[in-house]
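Visitor: Could you walk me through this structure? I would like to begin with the strands and then move to other topics.

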Amino acid sequence: MVEADTCKPSGKLRGKKPPPGQCDSNCCEDGKFYTTYKCSPPVSSHTKGKLTINSFAAGGEGGGPSECDNRYHSDDEPVVALSTGWFNNKKRCSKYITIHGNGKSVKAKVVDECDSAKGCDSEHGYQPPCPNNIVDASKAVWKALGVPENDWGLMDIYWSDAN
């Protein structure tokens, strides 16, 4: 592998205990160090990643409105957030990617960043930085891939930019 194609951690972030009632799940732990990344693995026509689940709706665990359009999105809309490197300074905003998993595929719109460089603060819902290989998807994406609801949460997938 060429050196330019590798993605090494950019640093570490020290976790702080969230204020009471400010974090529901996957909260930062006080004093724990979290690895941060400003890059993601190289994108190809068969980019491996991890599918996670998120709500982009108002009041959902996604925090504020989506970074690309400053809007909230229904759980019925196939939308995703990508790790920092793949989000590429908003260059994938409002573009579609094709996600392959569970023997099926679905097109989803990129609306947000799953921040791999920052976290453990109010802007990030007091959650740790995202790993650098995450496609954080709405319920609609999981439904379209035919994954049984009790298996929603984390799945190996591959994805590509849609034409």
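Guide: One term is needed first: two strands are said to pair if DSSP finds at least two bridges between them. Please also keep in mind that this is a predicted model.

Visitor: Understood. In which sense do S5 and S8 pair, parallel or antiparallel?

Guide: S5 and strand S8, residues 154–161, pair in the antiparallel sense, and four bridges link them. Within S8, Ser 160 is the residue opposite Thr 98.

Visitor: And how many bridges are there between S5 and S6?

Guide: There are six bridges between strand S5, residues 96–101, and S6, and the pairing is antiparallel. Gly 101 has Lys 104 of S6 as its bridge partner. S5 and S6 form a hairpin with two residues between them.

Visitor: What is the phi of Asn 102 in that turn?

Guide: Asn 102 has a positive phi of about 55°. As background, most residues other than glycine have a negative phi.

Visitor: Where does Gly 103 lie?

Guide: Gly 103 is in the loop between S5 and S6.

Visitor: Which other residues have a positive phi?

Guide: Among them is Asn 88, a residue other than glycine with phi near 55°. Asn 88 sits in the loop between helix H1 (84–87) and S5, and with a relative accessible area of 31% Asn 88 is partly exposed. Cys 120 also has a positive phi, near 60°. The loop that holds Cys 120 runs between S6 and S7, and Cys 120 is buried, at 1% relative accessible area.

Visitor: Changing topic: where is Leu 82?

Guide: Leu 82 belongs to strand S4. Because the relative accessibility of Leu 82 is 0%, Leu 82 counts as buried.

Visitor: What does Leu 82 touch?

Guide: Leaving aside residues up to four places away in sequence, Leu 82 touches Phe 87, Arg 92, Ile 97, Val 110, Asp 112, Glu 113, Cys 114, Ile 134 and Val 135. Two of these contacts are also bridge partners of Leu 82: Glu 113 in S6 and Val 135 in S7.

Visitor: Which faces of S7 are covered?

Guide: Both faces of S7 are covered: one side carries Ile 134 and Asp 136, the other Val 135 and Ala 137, and all of these residues are buried. S7 also pairs with S3, in the parallel sense, over four bridges. In that region, Asp 136 of S7 stands opposite Thr 52.

Visitor: Staying with S3, is Thr 47 buried or exposed?

Guide: Thr 47, in strand S3, counts as buried, because its relative accessibility is 2%. A polar atom of the Thr 47 side chain lies 2.7 Å from the backbone nitrogen of Ser 44. Beyond residues up to four places away in sequence, Thr 47 touches Pro 42, Trp 86, Ile 157, Tyr 158 and Trp 159.

Visitor: Which strands supply its lining?

Guide: At least two lining residues come from each of strand S3 (47–53), strand S6 (104–114) and strand S7 (134–137). S6 gives the largest share, three residues.

Visitor: What is the make-up of the lining by class?

Guide: The lining of the largest pocket has 17 polar, eleven nonpolar and ten charged residues.

How values were computed: Residues numbered from 1 in each chain as written. Predicted model: local features only at pLDDT ≥ 70, side-chain atom pairs only at ≥ 80, totals over all residues. Heavy atoms only, no water. Nonpolar A, V, L, I, M, F, W, Y, C, P; charged D, E, K, R; others polar. Buried < 20%, exposed > 50% of the residue type's maximum accessible area, 1.4 Å probe, protein only. Polar contact = N/O pair within 3.5 Å; in protein donor to acceptor, adjacent residues only side chain to side chain. Contact = heavy atoms within 4.5 Å.
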